[in-house]
Amino acid sequence: MDIAQLQFLVAEGDPGQRQALVDMLRRLGAAQVADAPDGHGVLRHLSADFVPAVNIAILDLALPGIDALELIRRLAESGSRAGIIVAGAQKSDVLFSIETMAQAYGVDLLGAIAKPVGEQRLQTLISNYQGARADSSAKAGPVFSFAEVGRGLQAREFDPFFQPKIELESGLVKGLEMFARWRHPEHGVLGPAAFMRALEENKRIDFLDWSMIEKSVAACRTLHDKGIPISVSINVDQATLAHPQFMAQIGACLERHRILADYITFEMTESAVLSAEPHFLERLLRLRMQGFGLAIDDYGTGRSNLQLLAAVPFTELKIDRSFVDGASRRRAISTVLKSCLGLARSLDRRSVAVGVETKQDWDFLQGLGCTYAQGYYIAKPMPVEEFPDWLNDWRQFF
């Protein structure tokens, strides 16, 4: 992004240091720089109706009036999309904790920098700015009742879409993850936001689960018949897996489509595994003994019990996208990511980074020794019939 097109705000209580930062930004190419002597001035500049809108604000940690910690909280509450750089005389562990706090608040913290501020380090943090991301809530589609979702399932309007999973070391496609989609006759292809709430509230996610299991295994057979013997990962609710007839039904499904258990991995959230009872852990063990893969999804979002994780016979640890997207640029995120990858290695499990959005994240994950990656940088979820052509293109690329 062209630095000359960005609007900067420098907030520093000391006039000399404030002017030095303004001069530094101008040497780096900034053409639009405002300044404020205290936290109240920051809030005025970053208010929704202030013109011109601030893209990046550089905040002194010990600002008069309202300090940077309170500003971060209040900016999060106001939904500010400005990129924030915090500068302070504190030690590196304190600055790291500030980055972690800002991440928890959801503020776009580009980084925390120790004083005196160096020009090269400041330029690096400015380069982290990617602009305001689209507001997903503005794009929210229709939401349907349980009866409407049920009619869609009965009409077989729900289909699995598949996102490739790539081995980072070799670039080979090693599997597909299933994502449920509703091919609505009026609204087009809809994601889970349109139908999951109705199923959850009525405790009938199993309706969707069994439809997707059947169609995903059938899709696996279709690809095998085309000479593509690839495995498929299927997200399944804990209640579906715990059903007394699950083992018999999944066995019959595999037999119908002539697919070995080795080609199917069941994914469940970290919170589901950690809240499981011994009977459920027994079910997971039986699945592994029959050859099914087991993946813990959204890892890092729950309150992990490491002893239980070590006891669960999972084959893959899927690291939540909140610790992947932007990890190459943000120390707080990258530290958590490295910890997750280290846990997977120590337990001799494969690691899967979810939500790889940029080449920078791809390269960063390769350097960390992550096993697999998936995300929009590689491909969006697609219908099974589109996968063979995509695979041919990917093989030519690599």
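Analyst: Start with the aromatic side chains. Trp362, Tyr377, Phe387, Trp390 and Trp394 form one aromatic cluster. Keep in mind that this is a predicted model.

User: How many aromatic pairs does the structure hold?

Analyst: It holds 12. A ring pair is described by the distance between centres and the angle between planes. Take tryptophan 182 and phenylalanine 195: the centres are 6.4 Å apart and the planes are at 70°, over the 60 degrees required, so this pair is edge-to-face. The two residues are 13 apart in the chain. Tryptophan 182 is in strand β7, and phenylalanine 195 is in the loop between β8 and α7.

User: Is tryptophan 182 buried or exposed? And phenylalanine 195, buried or exposed?

Analyst: Tryptophan 182 has 2% relative accessibility, so it counts as buried. Phenylalanine 195 is buried too, at 1%.

User: What is the geometry of phenylalanine 246 and phenylalanine 266?

Analyst: Their ring centres lie 5.5 Å apart with planes at 70°, so the pair is edge-to-face. It links helix α10, which holds phenylalanine 246, to strand β10, which holds phenylalanine 266. Phenylalanine 246 is buried at 0% relative accessible area. Phenylalanine 266 is buried, also with a value of 0%.

User: Which charged residue lies over the face of phenylalanine 314?

Analyst: Arginine 349, at 4.7 Å from the ring centre.

User: Now buried charges. What is the nearest side chain of opposite charge to arginine 181, and how far away is it?

Analyst: Glutamate 177, at 9.2 Å. Arginine 181 is buried yet has no salt bridge. This arginine sits in strand β7, residues 173–184. Beyond its sequence neighbours within four places, arginine 181 has contacts including Glu157, Asp159 and Pro381.

User: Where is aspartate 361, and what does it contact?

Analyst: Aspartate 361 is in helix α15, residues 359–368. It is buried, with a relative accessible area of 2%. Leaving aside neighbours within four places, its contacts are Val324, Asp325, Gly326, Ala327, Ser328 and Val356.

User: Where is confidence lowest and where is it highest?

Analyst: Helix α13 is lowest, with a mean of 68, and strand β6 is highest, at 98. Over residues 133–138 the pLDDT is below 50. That stretch has five contacts beyond near neighbours in sequence. Where pLDDT is low, predicted coordinates should not be read in detail. The protein's mean pLDDT is 89, and 94% of its residues reach 70 or more.

Terms used: Residues are numbered from 1 along each chain as its sequence is written. This is a predicted model: local features need pLDDT of at least 70, side-chain atom pairs count only at pLDDT 80 or more; totals for chains, interfaces and linings use all residues. Side-chain values use heavy atoms; hydrogens and water are left out. Helices (H or I, at least four residues) and strands (E, at least two) are DSSP runs, numbered from the N terminus. Buried means under 20% relative accessible area, exposed over 50%, partly exposed in between (1.4 Å probe, protein chains only). Lys and Arg count as positive and Asp and Glu as negative; His and the chain ends are not counted. A salt bridge is a side-chain nitrogen of Lys or Arg within 4 Å of a carboxyl oxygen of Asp or Glu. Contact means heavy atoms within 4.5 Å. pLDDT is the predictor's confidence in each residue, from 0 to 100. Rings of Phe, Tyr and Trp (its six-membered ring) pair if their centres lie within 6.5 Å; planes under 30 degrees apart count as stacked, over 60 as edge-to-face and the rest as tilted. A charge sits over a ring if NZ of Lys or CZ of Arg is within 6 Å of the ring centre and within 35 degrees of the ring normal.
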